[in-house]
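Me: I have a structure open and want to go through it piece by piece. Can you help me read it?

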Amino acid sequence: MKQKLQQFMMGRYGADQLSRVLLFVSLGILILSMLTRWGLLYWLAFLLMGYAYFRMFSRNVQKRYAENQKFLNFRYRLVAKKDAQKKQWAQRDVYRYFKCPNCRQKVRVPKGKGKICITCPKCRIEFIKKT
C-alpha cells in the first residue's frame with residue numbers, strides 16, 4: 001500500500017507550509033461551524049480543505065512552489081513587523097520614535113533631550129521635535 005501511495009504521489013507537489021496552514025485553518029473553521037451551526041462556515045471550511053488537497057495533488061509544481069513562496073514572504077513580513085514592534089516597545093524608556101514628515105522613515109532618537117533637530121537618514125530633511 002505504501003508503495004502504491006508513493007507511486008501515486010510521484011510527480012505531484014505534496015504538502016508544504018501553505019497547505020498545512022490551509023488545513024489547520026479549515027479544521028478550526030470546521031470546529032467553529034459545529035459550535036455555531038452556521039452553514040456558511042461549514043462550506044468555507046470544506047472549500048479551504050479542498051483547495052489544500054488540490055495543491056497537494058497538483059502536478060503543476062512550479063505554480064504551487066510560487067504560491068508557497070508568496071505565502072512564506074508574506075509570513076516573514078508579518079513576523080518581522082511583529083519583532084520590530086516588540087523591540088520598539090522594549091526600548092520605549094530609552095528612545096522616542098518619530099516619522100519623517102517628508103518620506104515617512106521611522107527615526108529613533110534618545111529620550112529626555114528636550115527640543116532637538118532631527119535629520120532624516122533617508123532624505124536628509126531636518127525637523128524639530130521634543131523628546
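This is a predicted model: local features need pLDDT of at least 70, side-chain atom pairs count only at pLDDT 80 or more; totals for chains, interfaces and linings use all residues.

Me: ok, which residues make the nonpolar surface patch?

Reply: Leu-5, Phe-8, Tyr-53 and Phe-57 make a nonpolar surface patch of about 390 Å².

Me: and which elements give two or more residues to that patch?

Reply: Those are helix H1, residues 2-9, and H3.

Me: switching to H3 then. at what angle do H3 and H4 pack?

Reply: The angle is about 125 degrees, and the axes are 9 Å apart. Helix H3 covers residues 39-57 and helix H4 covers residues 61-90. The angle makes H3 oblique to H4.

Me: which residues meet there?

Reply: From H3 there are Tyr-51, Phe-54 and Arg-55, and they meet Arg-64, Glu-67 and Asn-68 in H4. Sorted by class, this contact has two nonpolar, one polar and three charged residues.

Me: what about H2 and H4, how do their axes cross?

Reply: They cross at roughly 70 degrees and come within 8 Å, with H2 being residues 17-36. That makes H2 roughly perpendicular to H4.

Me: who makes that contact?

Reply: H2 brings Gln-17, Leu-18 and Val-21, while H4 brings Glu-67, Asn-68, Phe-71 and Leu-72. By class, the contact of H2 with H4 has four nonpolar, two polar and one charged residues.

Me: new topic. how many salt bridges does a search of the whole structure find?

Reply: The search finds three salt bridges. One of them joins Asp-16 and Arg-55, whose closest N and O atoms are 2.9 Å apart.

Me: where do Asp-16 and Arg-55 lie?

Reply: Asp-16 is in the loop between H1 and H2, and Arg-55 is in helix H3, so the pair ties together parts that are 39 residues apart in sequence.

Key:
Residues are numbered from 1 along each chain as its sequence is written. Side-chain values use heavy atoms; hydrogens and water are left out. Axes are lines fitted to C-alpha atoms, for helices over the stretch in contact, and angles run from 0 to 180 degrees between N-to-C directions. Helices (H or I, at least four residues) and strands (E, at least two) are DSSP runs, numbered from the N terminus. Angles under 35 degrees count as roughly parallel, over 145 as roughly antiparallel, 65 to 115 as roughly perpendicular and the rest as oblique. Contact means heavy atoms within 4.5 Å. Ala, Val, Leu, Ile, Met, Phe, Trp, Tyr, Cys and Pro count as nonpolar, Asp, Glu, Lys and Arg as charged, and the others, Gly among them, as polar. Patches are made of residues with over 30% relative accessible area and no salt bridge: like charges are joined within 9 Å, nonpolar side chains (Val, Leu, Ile, Met, Phe, Trp, Tyr) within 5 Å. Accessible areas come from the Shrake-Rupley method with a 1.4 Å probe; for residues, only the protein chains shown count as cover. A salt bridge is a side-chain nitrogen of Lys or Arg within 4 Å of a carboxyl oxygen of Asp or Glu.
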